[in-house]
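Work through the exercises below with the sequence and the structure open. Each task is followed by a solution in steps.

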Amino acid sequence: MDNHFFEQIFKNPLEQPNIPPNKVIFRWAEKLIQVLFPENGPKAFSTVEEVKETVSALELELYDIIAASCKLKNSDCKDAAGEFFAALPELYHILNTDIVAIYEGDPAAQSRFEVIRTYPGFYAICFYRIAHLLYNFNIPLVPRILTEYAHSKTGIDIHPAAKIGEYFYIDHGTGIVIGETSTIGQYVKLYQGVTLGALSVKKTLAGSKRHPTVEDRVVIYSGATILGGETIIGHDSIIGGNVWLTESIAPFSTAYHSPIITIRNHKETI
């Protein structure tokens with residue numbers, strides 16, 4: 001091998017922005033989740049002051065993370081960490097609505113504690129909500145690192161730019177894909193294997209509305225695929241398992257996949 005190959009390896013990292021390792025970024029998010037929900041942490045807080053001190057430390061840590069990443073857009077991000085933490089009460093509120101949706105929607109859920117500690121859907125939603133808030137402050141790359149980490153842990157792929165309302169419920173969750181320009185209303189329930197995707201992946205469509213809109217109180221069962229930026233699932237609708245939709249349906253609709261069933265001759269062997 002000639003020196004040119006080794007020079008490429010040596011120079012490439014220097015051409016990249018000085019972003020902390022992914023582990024530093026997702027560990028920060030995990031610590032934040034443990035503050036909001038101590039049920040997920042190694043220990044409970046002893047005093048209110050201890051909570052405040054921990055939050056202040058996380059704010060400084062976030063500043064260190066985003067100050068490096070914001071160089072991607074030549075932005076001044078010194079205020080973004082403060083703005084993020086100023087929005088922490090609202091983030092906490094909406095995550096608690098998600099807990100309510102999961103607990104009240106799943107007969108198997110025995111307690112709020114169980115939802116927080118064991119449900120992969122809630123874990124993925126936590127990372128998405130944190131990432132989405134950072135995305136709204138125009139922080140580059142960090143939101144995607146967070147949601148892709150949750151994706152790797154849970155099998156649930158939610159783009160941080162997607163817009164999702166309160167009381168969001170993911171049941172089981174494995175294989176769910178929610179694309180960048182998806183819009184989801186309140187009290188929506190998704191089961192495993194649901195895809196809210198685009199009809200085309202052409203690069204020229206970047207920045208356009210490529211993914212569906214799901215209105216309030218919609219239930220989408222496992223394996224359903226809904227595609228297209230102009231596709232709207234009307235409120236209070238039910239989408240059955242394995243349904244394929246590329247066009248809008250009216251509110252209060254039901255859409256089911258009809259399997260083809262044949263009865264074999266009883267003398268046939270499998």
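Helices (H or I, at least four residues) and strands (E, at least two) are DSSP runs, numbered from the N terminus. This is a predicted model, in which local features need pLDDT of at least 70 and side-chain atom pairs count only at pLDDT 80 or more, while totals for chains, interfaces and linings use all residues. Residues are numbered from 1 along each chain as its sequence is written, and side-chain values use heavy atoms, with hydrogens and water left out.

**Exercise 1.** Describe the surroundings of His211.

Solution. 
- Step 1: The loop that holds His211 runs between β7 (195–197) and β8 (213–214).
- Step 2: His211 is buried because its relative accessibility is 7%.
- Step 3: Contact means heavy atoms within 4.5 Å. Leaving aside neighbours within four places in sequence, the residues in contact with His211 include Gly179, Glu180, Ser182, Leu196 and Gly228.
- Step 4: A polar contact is a pair of N or O atoms within 3.5 Å; within protein, one must be able to donate a hydrogen and the other to accept it, and residues adjacent in sequence count only if both atoms are side-chain atoms. The side chains of His211 and Thr181 make such a contact at 2.7 Å.

**Exercise 2.** Which residues have the most contacts inside the largest nonpolar core?

Solution. 
- Step 1: A nonpolar core is a set of buried Ala, Val, Leu, Ile, Met, Phe, Trp, Tyr and Cys residues joined through side-chain atoms within 4.5 Å.
- Step 2: The largest one has 71 residues, and Trp28 and Phe84 have the most contacts inside it.
- Step 3: Among the elements giving it two or more residues are α2 (22–36), α4 (80–86), α7 (120–136) and β3 (169–171).
- Step 4: α7 supplies the largest share, 10 residues.
- Step 5: Not counting residues up to four places away in sequence, Phe84 touches Trp28, Leu32, Leu62, Leu91, Ile130, Leu133, Leu134 and Phe137.

**Exercise 3.** Summarise the whole protein chain.

Solution. 
- Step 1: The chain has 8 helices and 14 strands.
- Step 2: Of its 270 residues, 44% are buried.

Note on methods: Buried means under 20% relative accessible area, exposed over 50%, partly exposed in between (1.4 Å probe, protein chains only).
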